[in-house]
Amino acid sequence: MIKQRDKKIDVLYTIGIVLVLIGHSHPSDWTLFESTFFKEVIIFIYTFHMALFFFIAGYLLENSHSIEYYGYKKWIFEKAVRLLTPYIVLSVGALYPKYYLENHMMPTVKILLTAIFNPRKGIWGHFWFIPVLLMCYIFFGLWKRFITDRNKQLMTLVMLVISLGLYFLPLHTDWLGFNDFKEACIFVSIGIVVKRIISQRQENAIQKSHVVCRILCIIAATGLNIFMMRIEHMHTLVSLASAGIMIFACWELSILIDGNRLTLWVSSHNFTIYIYSWLFQSVFMAICGIFEMPWYITSMAMFIVGFAGPVVMIIIYEKLDKIHNRVFDLVLGIK
């Protein structure tokens, strides 16, 4: 039996990709738009946009039976190959020319290892998401292996307790993306719980809420998040609540928008768009910098090419059947 595609997830992926593109569409020198409303928009997006992707990962993991079908080892091996191939190839491939141009010498082994095992200091800053997502798959996939119908509630409680413990754990290191991993786990857990709750209820009944009510919920959640951004005390807890509120807002928005051909296409190619968008954006940022373009022109150009560049690359690749092979698929992030 073929599973029916969840259109809400397609929309959520599309929302997430748009947020990522906007969040990266600005000059690297923040002082150029320091006192503008756009800076507030960027900070607002950063409060939840990556948490949304981890929520989606948890939601889909709960809905998947791949671990049971393939076995944990094969399942996690396939995940590792798909995620780490573009991560390592692009990180290493870009490191050597960039480091040589900036320092007029080749990078040492230490610098190379740092770029790979300390994702935040890699050549592509946003690539931290890839190893962290893999770590989440390793952790939650292993957890899922031990779930039975009899212990499901207990194991869910254990998952939530461990995820919350990790979130507030006072251990900070960027190596292996641990800082990001311990914050990501709770959002994966929320995704798992939300999918489990929805599975136990009639989804049609859930989706029949009045449109006006959903719009009011989105406005209220957005306003509350803006207010919470100004709170300085209990920063860790506030950040968690802020991200959770906006995930809820995105969920409501995904139901309002409903799925269509565009969201289906973007969702199907979200990984490729994510990993290659910055390649095009950084090039245009440099070009705009050379011509001293205003920040708003730079930002608009970066957003457009950040989406259009990977889209054109995908379309060209899909038309060139003769060069299709697993290696190119993996490097390009094609499923």
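**View 1. Histidine 49 is buried, with a relative accessible area of 6%.** Buried here means under 20% relative accessible area, exposed means over 50%, and partly exposed is in between, worked out with a 1.4 Å probe on protein chains only. Everything in these views comes from a predicted model, where local features need pLDDT of at least 70, side-chain atom pairs count only at pLDDT 80 or more, and totals for chains, interfaces and linings use all residues. Residues are numbered from 1 along each chain as its sequence is written, and side-chain values use heavy atoms, with hydrogens and water left out. Histidine 49 sits in helix α3, which covers residues 49–63. Helices are DSSP runs of H or I with at least four residues, strands are runs of E with at least two, and both are numbered from the N terminus. If you skip the neighbours within four places in sequence, histidine 49 is in contact with Leu19 and Val20. Contact means heavy atoms within 4.5 Å.

View 2. With 12% relative accessibility, leucine 19 counts as buried. For a sense of scale, pick out lysine 144: leucine 19 is 125 residues from it in sequence and 30 Å from it in space, C-alpha to C-alpha.

**View 3. Here helices α1 and α3 pack at an angle of about 155 degrees, with their axes 9 Å apart.** Two packed helices are described by the angle between their axes and the distance between the axes. The axes are lines fitted to C-alpha atoms, for helices over the stretch in contact, and angles run from 0 to 180 degrees between N-to-C directions. α1 and α3 are therefore roughly antiparallel to each other. On this scale, angles under 35 degrees count as roughly parallel, over 145 as roughly antiparallel, 65 to 115 as roughly perpendicular, and the rest as oblique. The crossing of the two is left-handed; that label applies if the near helix is turned anticlockwise from the far one by less than a right angle, and right-handed applies if clockwise. Among the residues that meet are Leu12, Ile15, Leu19 and Val20 in α1 and His49, Leu52, Phe53 and Ile56 in α3. Sorted by class, the contact of α1 with α3 has 14 nonpolar residues, two polar and one charged. Ala, Val, Leu, Ile, Met, Phe, Trp, Tyr, Cys and Pro count as nonpolar, Asp, Glu, Lys and Arg as charged, and the others, Gly among them, as polar.

View 4. Threonine 14 counts as buried, at 14% relative accessibility. A polar atom of its side chain lies 2.9 Å from the backbone oxygen of aspartate 10. Leaving aside neighbours within four places in sequence, threonine 14 is in contact with Thr263, Val266 and Ser267.

**View 5. Helix α3 also packs against α12, at an angle of about 65 degrees and with the axes 10 Å apart.** That makes α3 roughly perpendicular to α12. The crossing of α3 past α12 is right-handed. Ala51, Leu52, Phe55 and Tyr59 in α3 meet Ala243, Ile247, Cys250 and Trp251 in α12. By class, the contact of α3 with α12 has eight nonpolar residues, no polar and no charged.

**View 6. The axes of helix α5 (residues 72–103) and helix α6 (residues 109–117) come within 10 Å and cross at roughly 140 degrees.** That makes α5 oblique to α6. α5 goes past α6 in a right-handed crossing. Tyr87, Val92, Leu95, Tyr96 and Tyr99 of α5 make the contact with Ile111, Leu112, Ala115 and Ile116 of α6. The classes here come out as nine nonpolar, no polar and no charged residues.

**View 7. Aspartate 258 has a positive phi of about 65 degrees although it is not a glycine.** Most residues other than glycine have a negative phi, and most peptide bonds are trans. Aspartate 258 is in the loop between α12 (235–257) and α13 (261–268), and counts as partly exposed at 41% relative accessibility. Glutamate 292 is not a glycine either and has a positive phi of about 50 degrees. Look for glutamate 292 in the loop between α14 (270–290) and α15 (295–319), where it counts as exposed at 70% relative accessibility.

How values were computed: A polar contact is a pair of N or O atoms within 3.5 Å; within protein, one must be able to donate a hydrogen and the other to accept it, and residues adjacent in sequence count only if both atoms are side-chain atoms.
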